[in-house]
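Me: I've got a model open and I'd like to zoom in on one part of it. Could you walk me through that part slowly, and then through what sits around it?

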Amino acid sequence: MLEIKNLIVQIEDKRILNGLNLTVNKGEVAAIMGPNGSGKSTLSYVIAGKEDYEVLDGEILLNGENVLEMEPDQRAAAGVFLAFQYPLEIPGVASMTFLKATLNAQRKARGEAELTTPDFIKRVNAAATQLEIPKDMLKRALNVGFSGGEKKRMEILQMALLQPSFCILDETDSGLDIDALRIVSEGVNALRSSDRAFLVITHYQRLLNYIVPDTVHVMSSGRIVKTGGKELALELEANGYADYRDSEAA
Ligand SMILES: Nc1ncnc2c1ncn2[C@@H]1O[C@H](COP(=O)(O)OP(=O)(O)OP(=O)(O)O)[C@@H](O)[C@H]1O
């Protein structure tokens, strides 16, 4: 599904990804853990198509298609979704309006008919109920004045509506209280399916008790330096990253 080969990326002459290789298969939940500054968010931004990054070498293929040649909206239409570490606030745009416009823009890009308002409302309400998002919150400007945990829930609500095939969660657990962590994780788990893949970036093994990964990758200095099963996260929790800092790619 997603294949990254020898990805080398810099920003303002600073090299951040240094020949990164990563494969995530359909149906797989892959976690990435790694020290601060190892390039995890950069990787997620480069996959989603954020500007500013200079790709010097390598490729990113999504179902065989070259993602690096696509504009960000084309990537989204192709199924890439990034749940941000710091979700954006959009003053003046009601969450409901934003969600409907985003969903219909994607459907249009895929050549599908726009959803009617009743159909859309039915879908939003179902997803909001599951994520315990009060309906009146959907009338408020997107993320403006939302707590950290509410913003993260809104990200998962977007994901539930858009039904992307490749979902990246960038530190979705940061700032969540215990109940919100469970709710968000259940929202994510409900979307797990054999034709969808997840890349879960996290600092804490705790999230992976809720969203149990198939694979765990360790990232250090812009490369994947170790890959294992879910037990690798427990090992990291116990021992830290000392064994992996500045190590060569495994
Ligand atoms: N615009 C920028 N200009 C200069 N350096 C940058 C810029 N953006 C990111 N970096 C640097 O790139 C490196 C990787 O940052 P990134 O946010 O990808 O790491 P991370 O692994 O997600 O870290 P964390 O775990 O702290 O969130 C850091 O050293 C960061 O300072």
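Which residues surround the ligand?

Reply: Bear in mind that this is a predicted model. The ligand is surrounded by Ile-11, Glu-12, Lys-14, Ile-16, Gly-34, Asn-36, Gly-37, Ser-38, Gly-39, Lys-40, Ser-41 and Thr-42. If you sort that shell by element, β2 and α1 each supply at least two residues, and α1 gives the most, with three.

So let's look at those two elements. Helix α1 covers residues 40–48 and lies across β1, β2 and β4. Its direction makes an angle of about 70 degrees with β2. The strands under discussion belong to an open sheet of four, in the order β2-β1-β4-β5, with antiparallel pairing. In that order β2 (14–24) and β5 (65–66) are the edge strands, each with a single partner, so one side of each has no neighbour in the sheet.

Now for β1 and β4. Strand β1 (residues 2–11) and strand β4 (residues 54–62) run antiparallel and are joined by seven bridges.

Follow the chain out of β4 and you get to the loop between β4 and β5, where Asn-63 sits. Its backbone is worth a look: Asn-63 isn't a glycine, yet it has a positive phi of about 50 degrees. Most residues other than glycine have a negative phi.

Helix α4 (residues 117–130) has 14 residues and reaches 20 Å from its first C-alpha to its last, close to the 20 Å expected. Its buried residues include Val-124, Ala-127 and Ala-128. Looking down the axis of α4, the buried residues fall within an arc of 100 degrees, so they line one face of the helix. On the other side of α4, you'll find Pro-118, Asp-119, Lys-122, Ala-126 and Thr-129 exposed. Just after α4, Glu-132 takes a positive phi too, of about 55 degrees.

How values were computed: Residues numbered from 1 in each chain as written. Predicted model: local features only at pLDDT ≥ 70, side-chain atom pairs only at ≥ 80, totals over all residues. Pairing = 2+ DSSP bridges. Contact = placed C-beta atoms within 7 Å. Axes fitted to C-alpha atoms, helices over the stretch in contact; angles between N-to-C directions. Expected span 1.5 Å × (residues − 1). Buried ≥ 20, exposed ≤ 12 C-beta atoms within 10 Å, placed from the backbone. Arc of directions from axis to C-beta. Near = placed C-beta within 6 Å.
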